[in-house]
Amino acid sequence: MNIELEKLIYALSQRFKTNIISTDFQTIPLQGGTAGNMRLVTGIAENVDGEKLPYRIVLKIQNKWERYGDPGSWRREYDLNSSDLGVTFSQALRWPTCYYAEFNAEVTEYHLWLEYIDGVTGLDLTGDMYEKAALELGRFQGKLYAEHPAVLQCLTNLSHADLMKNTYLHYRSWPVIYDYIRSEDFELPLYLRQMLIDIDEQADEIFARIEKLPLVLCHRDFWVTNLIYADGNFALIDWDTSGWGYLGEDLASLIADEPDINHMVEHYQRCIPTYYKGFSEYAAVSRIADHCVYEIILLVFGYRLVEGYLHTETDDEKTKHVHTLQKINEMKTIPLLVTSGNIA
């Protein structure tokens, strides 16, 4: 990757709030971003006073690509970072600071120079961290729902409320998975087959219930790898799928997207009441018993897990997909827990 020194120096000047005049740098690849090129850039910068400043900063280069049903998603992070959305975050849940954003129309790509945050992420997150993430997500969405700040009216590139529904219907119309579930070749336990068929048969009624829930600003990729926990707070990365969605969509991702399978049911029990607790600090929540999170999990991840089972070649991966479906099945009758007292 070619680093443009002039732009790195500008980003570092914003980072340190001083006039950087020179720097060296090294780069290493980072995991993250759909079709994005992520690099950690490190080095020692020098400001106009001769002060030496060690640094770590992230460069994200995103090229144009197409996501089904959401053609604007590839440039959404640039658009959002160019807006005033950042002022709506709290210290407890925010995105990384963007020091410099550049859009190149000729090659249809953009560059973001972003804050590097070192913390706990992925499956290293603990149950208490899951619960705190649910609380802060509820607070963030509840505050925006209640206050509806003017910045929300200015965001023109957001995914639409029906994205989840349309994605589910697209999956359901795919004969490879739909027919396999109903075929004699289906290798998973039969009660899982029935769970998947039942959700299909009840989908119209379920979506009618979901569409009565509050419409909130969703990240739509709110899973553990996009959460970084540091100093008691969360940073949330990769905003390219974000848009309008229904209460509970992001929580479903936290619980079921590449989950900690052994604690998945526990996270379901703990995080749902905590999420509603956070939301209700700003906006009234009625009929919590009809939260629909179980149904959203199955609608979003049911077909995806069967697809993963069919197309993976390793027994360990196949087993992981089956176990995840089994944990989802367990959730249907699991009582929710009272929120903990150590996450406020």
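This report describes the cores, spaces and selected residues of a predicted model.

Residues are numbered from 1 along each chain as its sequence is written, and side-chain values use heavy atoms, with hydrogens and water left out. In this predicted model, local features need pLDDT of at least 70 and side-chain atom pairs count only at pLDDT 80 or more, while totals for chains, interfaces and linings use all residues.

**Annotated span**

For residues 158–257, an unreviewed UniProt entry lists "domain: Aminoglycoside phosphotransferase"; such annotations may be inferred rather than shown by experiment. The end C-alpha atoms of this span lie 21 Å apart, and the span is 45% helix and 16% strand. Helices (H or I, at least four residues) and strands (E, at least two) are DSSP runs, numbered from the N terminus.

A nonpolar core is a set of buried Ala, Val, Leu, Ile, Met, Phe, Trp, Tyr and Cys residues joined through side-chain atoms within 4.5 Å. Buried means under 20% relative accessible area, exposed over 50%, and partly exposed in between (1.4 Å probe, protein chains only). The largest nonpolar core has 78 residues, and those with the most contacts inside it are Ile 210, Leu 251, Leu 254, Ile 255 and Ile 297. Helix H10 (residues 293–311) supplies the largest share of this core, eleven residues.

Helix H8 (residues 249–256) is largely enclosed by the rest of the structure, because eight of its eight residues are buried. The buried residues of H8 include Leu 251, Leu 254 and Ile 255. Contact means heavy atoms within 4.5 Å. Leaving aside neighbours within four places in sequence, Leu 251 is in contact with Ala 134, Leu 137, Cys 271, Ile 272, Tyr 275 and Val 293. Just after H8, Glu 258 takes a positive phi of about 50 degrees.

**Pocket and cavity**

On a 1 Å grid over the protein atoms alone, a cavity is a set of points where a 1.4 Å probe fits but cannot get out, and a pocket is an open set with protein on both sides within 12 Å along at least five of seven lines; lining residues have an atom within 4 Å of a point. Grid points are joined across faces, edges and corners, and a volume is the space filled by probe spheres set on the points.

| Space | Volume | Element giving the most to the lining |
|---|---|---|
| Second largest pocket | About 270 Å³ | H6, five residues |
| Largest cavity | About 40 Å³ | H3, three residues |

Of the 21 residues that line the second largest pocket, the closest to its centre are Gln 202, Tyr 294, Glu 295, Leu 298 and Lys 332. The structure holds one cavity of 30 Å³ or more. Residues lining the largest cavity include Leu 93, Leu 137, Leu 236 and Asp 250. Helix H3 (127–147) and strand E9 (215–218) are the elements that give two or more residues to this lining.

**Two individual residues**

Arg 94 lies in strand E5 (residues 93–94). The side chain of Arg 94 makes a polar contact of 2.8 Å with the side chain of Glu 115. A polar contact is a pair of N or O atoms within 3.5 Å; within protein, one must be able to donate a hydrogen and the other to accept it, and residues adjacent in sequence count only if both atoms are side-chain atoms.

Ile 9 is found in helix H1 (residues 5–16) and counts as buried because its relative accessibility is 17%.
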